[in-house]
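Here is a short briefing on the structure shown below. It goes topic by topic, starting with one ligand shell.

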Amino acid sequence: MKSFRIQPPDQSLRAALQTKIDNKTKPLGALGRLEALALQIGLIQGTSTPTLHAPHMLIFAGDHGIAAEGVSAYPQEVTWQMVMNFLQGGAAINVFSKQHQLQLYVVDAGVNYDFPENLPGLLSHKIAKGTQNFLHEQAMKIEAAQRCIDQGAEVVTSIFNKGCNVVGFGEMGIGNTSSASMLMSGLLNIPIDQCTGRGTGLDDERLHHKIDILTKAQQRHGALASPLELLATFGGFEIAQMVGAMLQAAEHKMIILVDGFIVSAAFLVAHAIDPNLKSYGVFCHRSQEQGHAHMMRALDVQPLLDLGMRLGEGTGAAMAYPLLASAVAFLNEMASFESAHVSEKNS
Ligand SMILES: Cc1cc2ncn([C@H]3O[C@H](COP(=O)(O)O)[C@@H](O)[C@H]3O)c2cc1C
Ligand SMILES: O=C(O)c1cccnc1
């Protein structure tokens, strides 16, 4: 498995960036969170004139053995059917990506379906046709998790080489809120019932069933030593590929747009592998999925949007992208008090 060298952003520009923000023609701090975003982007790129280049959305897709336990409100075949929908441009993420001019790719990390070869927009990195059922055995071998990390990294390097410096993450995989809950519970040491939500829309009875299955799976596997072991035991191929992709994006000093519950679970795993990742993450929205707010608290971050969304696919990341564009635009284009001859605050 590749090892990543993630440098924390150089802080020497911080004071100059803050001064530039403070000197814009507005009351001090009046652009609120947009100012923190501009500062973050400037620090990531190491410049007081940052730009967003060739933004991409990567949707990682994979199937889950645990889906056989009735933990989702939808059947497993929705995964490949939605992949086809993404490729035909019909899903929510297609609409928002098109709206904001984000180049979209779908990565087949392990969907239980044979897609025709050379479908435009589909990158084939299939590890297997779905994971094993983690109620009974490890979802994947450690070696498969390591391969996923390498494959995810490869995808990100390929878009980096095309000039991309901002990448949004999305996912598709029926049953993957179950994986995400298990990873969250293991990493944050929070009881599984507090990490488990309705996903695609389980009713009360089926939510209890899901919690029951996940509790049994936790008992079955016991304490797990490392983030990689946790990832192999409960992960999906799409989650594991996102882990590698995020670590690689941070190594390349790219901005990482973090979507909802499942993408955040991948971020938590990657963050446990290398905490330097955190400075590169923009937390785009608070998912309605039970547990996501806990994740955001554990990372000590405040997501940008709170729209009651619970879809995944990267939709929250795509919705937040224009805020980044605005942050960069005001930093680069707004006049300063000096250039516009506007009087500064009374002392
Ligand atoms: C039509 C449809 C489109 C979706 N797009 C994203 N998801 C979302 O739902 C799944 C996770 O929820 P659970 O763990 O309950 O299966 C993921 O595939 C996720 O991205 C969808 C789900 C459905 C049904
Ligand atoms: O927040 C998410 O990513 C999410 C929530 C519910 C179902 N699918 C995805």
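This is a predicted model. The shell around ligand 1 divides into 7 nonpolar, 9 polar and 2 charged residues. The chain itself is split into domain 1 and domain 2.

**Ligand 1**
- Ligand 1 is surrounded by 18 residues.
- The closest of them are Ser72, Thr177, Gly199, Thr200 and Gly312.
- Three elements each supply at least two residues of this shell: helix H3 (78–88), strand E4 (166–172) and helix H6 (176–188).
- H6 gives the largest share, 3 residues.

**Ligand 2**
- The residues around ligand 2 include Thr177, Gly199, Thr200 and Gly312. These four are also listed among the closest to ligand 1.
- By class, the shell around ligand 2 holds 3 nonpolar, 6 polar and 3 charged residues.

**Domains**
- Domain 1 is made of two segments, 11–51 and 330–340. Domain 2 covers 56–323.
- The domain centres, taken over C-alpha atoms, are separated by 32 Å.
- At the boundary, 6 residues of domain 1 are in contact with 6 residues of domain 2.
- On the domain 1 side, the touching residues divide into 4 nonpolar, 1 polar and 1 charged.

**The sheet**
- Six strands form an open sheet in the order E3-E2-E1-E4-E5-E6, with parallel pairing.
- Which strands stand at the edges? They are E3 (122–124) and E6 (281–283). Each has a single partner strand, so one side of each is left without a neighbour in the sheet.
- From one strand to the next, the twist averages 25°.
- Helix H13 packs on this sheet. H13 touches E1 (56–62), E4, E5 (255–258) and E6. The direction of H13 makes about 165° with that of E4.
- E2 (residues 103–110) pairs with E3 in the parallel sense over 3 bridges. Within this pair, Val107 has Leu123 of E3 as its bridge partner.

**H2 against H13**
- H13 (residues 315–333) also meets helix H2 (residues 33–45). Their axes come within 9 Å and cross at roughly 80°.
- H2 contributes Leu34, Leu37, Ala38, Ile41 and Gly42 to the contact.
- H13 contributes Leu323, Leu324, Ser326, Ala327, Val328, Phe330 and Leu331.
- What is the make-up of the contact of H2 with H13, by nonpolar, polar and charged residues? There are 10 nonpolar, 2 polar and no charged residues.

**H5 against H9**
- The axes of helix H5 (residues 142–160) and helix H9 (residues 227–234) come within 9 Å. They cross at roughly 100°.
- H5 and H9 are therefore roughly perpendicular to each other.
- From H5, the residues that meet H9 are Ile142, Ala144 and Ala145. From H9, they are Leu228, Glu229, Leu231 and Ala232.
- The residues of this contact divide into 6 nonpolar, no polar and 1 charged.

Definitions and conventions: Residues numbered from 1 in each chain as written. Chains lettered and ligands numbered in written order. Predicted model: local features only at pLDDT ≥ 70, side-chain atom pairs only at ≥ 80, totals over all residues. Near = placed C-beta within 6 Å. Helix = DSSP H or I, 4+ residues; strand = E, 2+ residues; numbered from the N terminus. Nonpolar A, V, L, I, M, F, W, Y, C, P; charged D, E, K, R; others polar. Domains from an automatic or database assignment. Contact = placed C-beta atoms within 7 Å. Axes fitted to C-alpha atoms, helices over the stretch in contact; angles between N-to-C directions. Pairing = 2+ DSSP bridges. Parallel < 35°, antiparallel > 145°, perpendicular 65-115°, else oblique.
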